Amino acid sequence: MDKFVIEGGLKLEGEVAISGSKNAALPVLAASLLASDESMIENVPKLDDIHTLCQLFQKLGVKIVEDQGVMILDTRNITSVEATYDIVRKMRASVLVLGPLLARFGKARVSLPGGCAIGARPIDMHLTGLEQMGAKITLEHGYVDAVAPAGGLVGARIVFDIPSVGATENLMMAACLAQGTTLLENAAREPEIEELAQALNSMGARVSGAGSSMIQIDGVSNLRGMHHRVGPDRIETGTFIAVAAATKSSLSLKDIRIGHLDAVIDHFQKAGCEFKVEGANLLVQAPERLKSVDISTAPYPGFPTDMQAQFMACMCIANGTSHIEEHIWENRFMHTLELMRMGADISMHGNLAVVRGVPKLSGAPVMATDLRASASLIIAALAAEGVSEILRIYHLDRGYVALEKKLAQLGARVRREKQEVL
Ligand code: UD1
């Protein structure tokens, strides 16, 4: 197990390259299972979560060749339709193979994901949607067994109770090979859904309306492989904005998609950061002291839950009091206790955290509890006086490509060291 050792209090400077999006790459890779063909996917980020999905793919019989972020997947000889517990427990997004496998092979068996640190993470809407498309679902021994009717899945009108990203993606993929038309209402509108629709349409699917809350999918009888380039990671981009904001720095973020970050940029602007767009680069200039700003997480285009922890780290040293409300995950405040060990003044009231800004944080040993919580502790450590140790950094490796290297290039003093296991 590794830890990060960070000497904080330094201003950073320079340019940082943003990697391909984890949350876009995962469903796009899953979509390749819909075709009996070869797909080429570029700009795939080198992350533990991607590695886990590839391990699952290899168990299914997918042949994968990867070189410098370009992945070639041969899905012609699938020998299994089962996603086993040992893989799904490591990464809940593995459940995204359910829709494509069921649609193409008429059956699939996927371990139930169970809970995780940030919340219960049920998949009931994925399953009800597939049932509405005619699938027979049984839950036994911790597994979901799904079987399509003899003639394959059939299109249906599916109305989501809440706009779930994963359920929208799973059902959108399944519907591509179903008979007739599927309508997804109250669908998630995240940019990753739009990107998945683009990838599916490049395979010959007929998906329209992705990016709005009503998606129409006209089923086709088969799909071909895709050639797709994964777009930039909006959460990594937002994390580097938070790095600049917390360290009073000026940074240039390369090759980003500005339109996907409106809510994040808007709140950092209110906090006193200035932004300039130069082509595909975003320049962020932070003030000497941030102002406190309230946030309330919401589905896209609202403020992303995946940026809540990083924003909170910035608010810990802002001038004033910030109210932070979490509306997506019921247990996503575990970073607060660790931030408090670094001198932050935070009180918690259910899904509301009240952050009273302090002039400075002080370095301390802290423990990462989930992916974005790890990023928030790193941001706090970069801003803090003295040395911090961030333990259990393996969470970070699930979703950030070479973060310590990117930070070191900007002048941060960050080292990855082996963590002693007691
Ligand atoms: C995705 C993202 C994750 C992000 C989240 C919300 C990926 C790989 N992960 O996760 O980083 O934090 O969107 O933006 O893209 N829910 C149900 N029943 C279901 C499905 C979801 O009740 O069947 C609930 C969840 O408990 C949660 C909410 O819906 O409260 C949103 O979850 P969802 O949008 O599905 O998140 P994920 O797709 O798992």
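Biologist: How much area is buried between domain 1 and domain 2?
Modeller: About 1800 Å² is buried between domain 1 and domain 2, and carbon and sulfur atoms give 53% of it. Buried area here is the accessible area, taken with a 1.4 Å probe, that two parts lose on being put together, summed over both. Tyr300, Trp329 and Arg398 supply 33% of the area that domain 1 buries against domain 2, more than any other three residues. This is a predicted model: local features need pLDDT of at least 70, side-chain atom pairs count only at pLDDT 80 or more, and totals for chains, interfaces and linings use all residues. Residues are numbered from 1 along each chain as its sequence is written, and side-chain values use heavy atoms, with hydrogens and water left out.

Biologist: Where do the two domains run in the chain?
Modeller: Domain 1 is 2-19 + 232-418, and domain 2 is 22-229. Those bounds come from an automatic or database domain assignment.

Biologist: And how many residues are in contact across them?
Modeller: 23 residues of domain 1 are in contact with 18 residues of domain 2, where contact means heavy atoms within 4.5 Å. The centres of the two domains, taken over C-alpha atoms, are 31 Å apart.

Biologist: Ligand next. Why does it lie between the domains?
Modeller: Because domain 1 and domain 2 both give residues to the shell around the ligand.

Biologist: How many residues surround it, and which are the closest?
Modeller: 17 residues surround the ligand, and the closest are Asp124, Ser164, Val165, Asp306 and Ile328. The shell divides into eight nonpolar, five polar and four charged residues.

Biologist: Which helices supply at least two residues of that shell?
Modeller: Helix H5 (124-132) and helix H6 (165-176) each do. H5 gives the largest share, three residues. Helices (H or I, at least four residues) and strands (E, at least two) are DSSP runs, numbered from the N terminus.

Biologist: Which side chains have an N or O atom 2.6 Å from a ligand oxygen?
Modeller: The side chain of Ser164 has one at that distance from an oxygen atom of the ligand, and so does the side chain of Asp306. For Asn23 the distance is 3.2 Å. Taken alone, the ligand exposes 750 Å², and the protein buries 82% of that; accessible areas come from the Shrake-Rupley method with a 1.4 Å probe.

Biologist: Back to Tyr300. Is its peptide bond to Pro301 cis or trans?
Modeller: The bond is cis, with omega near 15°. Pro301 is in the loop between strand S18 (295-296) and helix H10 (308-315).

Biologist: What about Arg392, is its phi positive or negative?
Modeller: Arg392 has a positive phi of about 60°, although it is not a glycine. Arg392 is in the loop between strand S23 (387-391) and helix H13 (394-397).

Key: Near = heavy atom within 4 Å. Polar contact = N/O pair within 3.5 Å; in protein donor to acceptor, adjacent residues only side chain to side chain. Nonpolar A, V, L, I, M, F, W, Y, C, P; charged D, E, K, R; others polar.
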